[in-house]
Amino acid sequence: MTFKEKIYTYYIQMVQDRIDVFKDMISGLTEDSKNDAKGSAGDKHETALSMMHIEQEKLTNKLKEAIEQKSILDKIDPLKTTENIVLGSLVKANGIYLYVSVALPKIAIDGINVIALSPQSPLGNHLMGNKTGFEFEINKTHYTIQSVE
């Protein structure tokens with residue numbers, strides 16, 4: 001498995017794990033609200049149900065976000081390499097590995113740090129469509145693209 005495939009696999013698994021956790025938490029809250037509805041009455045009960053509902057909405061929004069991230073990652077072919085930077089490119093710039101996909105936490109694969117960033121981010125936007133050797137500046141930091149996979 002190539003370095004780029006390892007990165008892709010790790011991020012796919014990370015996002016899928018998030019989806020599973022959010023689904024479990026939502027179903028747990030749904031169960032709790034059903035059980036709570038059977039044996040409670042009054043203002044405390046209404047407040048508790050309201051708080052559970054608010055929490056469920058937050059989790060549902062996080063779940064939607066994770067599902068959107070997964071759908072973007074699913075569009076990436078980790079075996080594809082191009083000269084120009086596109087969605088799914090692994091870019092080395094200033095000694096930093098950048099995975100153009102979705103904004104996700106920094107990871108370490110084979111002891112090498114990788115930052116996943118969205119093509120819509122300021123840095124991702126400058127990278128898109130460019131090639132090895134391209135130079136640009138963001139926030140007074142000069143970047144040179146060293147390689148594109």
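This is a predicted model: local features need pLDDT of at least 70, side-chain atom pairs count only at pLDDT 80 or more; totals for chains, interfaces and linings use all residues.
Helices (H or I, at least four residues) and strands (E, at least two) are DSSP runs, numbered from the N terminus. Helix 3, residues 122-127, holds Pro122. Pro122 counts as exposed, at 57% relative accessibility; buried means under 20% relative accessible area, exposed over 50%, and partly exposed in between (1.4 Å probe, protein chains only).

Residues are numbered from 1 along each chain as its sequence is written, and side-chain values use heavy atoms, with hydrogens and water left out.

Now the overall layout. The protein splits into domain 1 (3-75) and domain 2 (84-148). These bounds come from an automatic or database domain assignment. Taken over C-alpha atoms, the domain centres are 30 Å apart. Domain 1 gives 13 residues to the contact and domain 2 gives 19 residues, where contact means heavy atoms within 4.5 Å. The two domains bury about 1,400 Å² between them, 80% of it on carbon and sulfur atoms. Buried area here is the accessible area (1.4 Å probe) that two parts lose on being put together, summed over both.

Which polar links cross this interface? There are 4 residue pairs in polar contact, both residues at pLDDT 80 or more. A polar contact is a pair of N or O atoms within 3.5 Å; within protein, one must be able to donate a hydrogen and the other to accept it, and residues adjacent in sequence count only if both atoms are side-chain atoms. On the side of domain 1 that touches domain 2, helix 1 (3-39) and helix 2 (43-74) are the elements that give two or more residues. Helix 1 gives the most, with 10 residues. By class, this side has 9 nonpolar, 1 polar and 3 charged residues. Ala, Val, Leu, Ile, Met, Phe, Trp, Tyr, Cys and Pro count as nonpolar, Asp, Glu, Lys and Arg as charged, and the others, Gly among them, as polar.

The interface also has 1 salt bridge, meaning a side-chain nitrogen of Lys or Arg within 4 Å of a carboxyl oxygen of Asp or Glu. Asp110 pairs with Lys6, the closest N and O atoms being 3.0 Å apart. Asp110 lies in the loop between strand 3 (104-109) and strand 4 (112-117) and Lys6 in helix 1, so the pair ties together parts 104 residues apart in sequence. Asp110 is exposed at 55%, and Lys6 is partly exposed at 30%.

By this rule the count comes to 3 salt bridges. In another, Asp74 meets Lys70 at 3.1 Å between the closest N and O atoms. Both lie in helix 2, 4 residues apart, about one turn of the helix. Lys70 is buried at 17% and touches Val15, Gln16 and Ile19, not counting residues up to four places away in sequence. Lys131 and Glu83 also form a salt bridge (3.6 Å, N to O). Lys131 is partly exposed at 42%, and Glu83 is exposed at 59%.

Finally, Ser89. Ser89 sits in the loop between helix 2 and strand 1 (90-93). At 1% relative accessibility, Ser89 is buried. Its side chain reaches the backbone nitrogen of Val86 at 2.9 Å. Beyond neighbours within four places in sequence, Ser89 contacts residues including Lys4, Leu98, Tyr99 and Val148.
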